[in-house]
Amino acid sequence: MTEHLPETGHVIGIDWGVKETATTTSDDHDLPHPQYGKSAAQKIARYQGMMARRKPKKGRPGSKGYREAKRQTAKLHKKVARQRQDTARKWVKRVVRDHDALAVEDFKPKFLAKSTMAKKAADAAIGATKRALVEMGRKHGRAVHLVNPAHTTMDCAHCGARAKHRLPLSERTYTCTACGTVSPRDKNSARVMLVRAGLVPG
């Protein structure tokens, strides 16, 4: 059942990123990496080290220390997952409440799993955040446009010109050789989402 929210007159473009989980066309709605996994990683590594040292022989029960390290590892994993979900849910709620239409990069998380950004992608839980955003947007009657991400780092959101070469990930500034527009790479991509969805950039 659709539960319509009041109209706001605002639209938003959303780009899933490296520097932040989500960069949007609204500075107030950008979603930084929460880094929960990073902060918990040292503790998890310590417990896993304890488990490795105390690993029981096949067919034998683990020692009390082994079982405790295993329990603490599972507990930390659950805590991180819960924190990620909570942060994503609050952000999604705010984005949907504040905008009538959403132009969302149709990002495929498995793309990052093949690259050096895999850990950060897992930490950001981009896939889960995107699903929650699409579901909540549709539930509340917002127009949700899933936008093909091809060439978004090469296209200029202002004049539509396409660069001849793809920007390397280390290059965080987009400069259009056609119209001279200079903007943060992810902000340009978020604006490209709006343009491709046929929404008027705000």
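In this predicted model, Lys 90 and Asp 86 lie four residues apart in helix H2, so about one helical turn separates them. Their side chains form a salt bridge, with the closest N and O atoms 3.1 Å apart. Lys 90 is exposed, because its relative accessible area of 54% is over 50%. Asp 86 has a relative accessibility of 25% and counts as partly exposed.

Helix H2, which covers residues 64-98, holds another such pair: Arg 71 and Glu 68 are three residues apart, which again means a separation of about one helical turn. The closest N and O atoms of this salt bridge are 3.1 Å apart. Arg 71 is partly exposed at 45% relative accessibility, and Glu 68 is partly exposed at 36%.

A search of the whole structure finds 11 salt bridges. One of them joins the side chains of Lys 187 and Asp 30, at 2.9 Å from N to O. This pair links distant parts of the chain, since its members are 157 residues apart. Lys 187 sits in helix H6 (residues 185-196), while Asp 30 sits in the loop between strand S2 (22-24) and helix H1 (36-53). Is Asp 30 buried or exposed? Asp 30 is buried, because its relative accessible area of 16% is under 20%.

| Salt bridge | Closest N to O distance |
|---|---|
| Arg 71 and Glu 68 | 3.1 Å |
| Lys 90 and Asp 86 | 3.1 Å |

Helix H2 also carries Lys 75. Lys 75 is exposed, with a relative accessible area of 51%. Lys 75 and Ile 44 are 31 residues apart in sequence, and their C-alpha atoms are 9.7 Å apart in space.

The next topic is the nonpolar interior. In soluble globular proteins, nonpolar side chains tend to be buried together. The largest nonpolar core here has 16 residues, and those that touch the most other members are Ile 14, Trp 16, Trp 91, Val 95, Leu 102, Val 104 and Leu 133. At least two residues of this core come from each of strand S1 (11-16), H2, strand S3 (101-105) and helix H5 (126-139). Which element gives the most to this core? H2 does, with four residues. There is also a second, separate core of nine residues, among them Ala 40, Met 50, Leu 76 and Val 80.

Trp 91 has contacts with residues from several places in the sequence. Leaving aside residues up to four places away in sequence, Trp 91 touches Ile 14, Trp 16, Ala 22, Thr 24, His 29, Asp 30, Leu 31, Thr 129 and Leu 133.

The structure holds one aromatic pair. The ring centres of Trp 16 and Trp 91 are 6.0 Å apart and the planes meet at 65°, so the pair is edge-to-face. For this label the angle must be over 60 degrees. Trp 16 is buried, with a relative accessible area of 5%. Trp 91 is buried as well, with a relative accessible area of 3%.

Note on methods:
Residues numbered from 1 in each chain as written. Predicted model: local features only at pLDDT ≥ 70, side-chain atom pairs only at ≥ 80, totals over all residues. Heavy atoms only, no water. Salt bridge = Lys/Arg side-chain N within 4 Å of Asp/Glu carboxyl O. Buried < 20%, exposed > 50% of the residue type's maximum accessible area, 1.4 Å probe, protein only. Core = buried A, V, L, I, M, F, W, Y, C linked by side-chain atoms within 4.5 Å. Contact = heavy atoms within 4.5 Å. Phe/Tyr/Trp six-rings, centres within 6.5 Å; stacked < 30°, edge-to-face > 60°.
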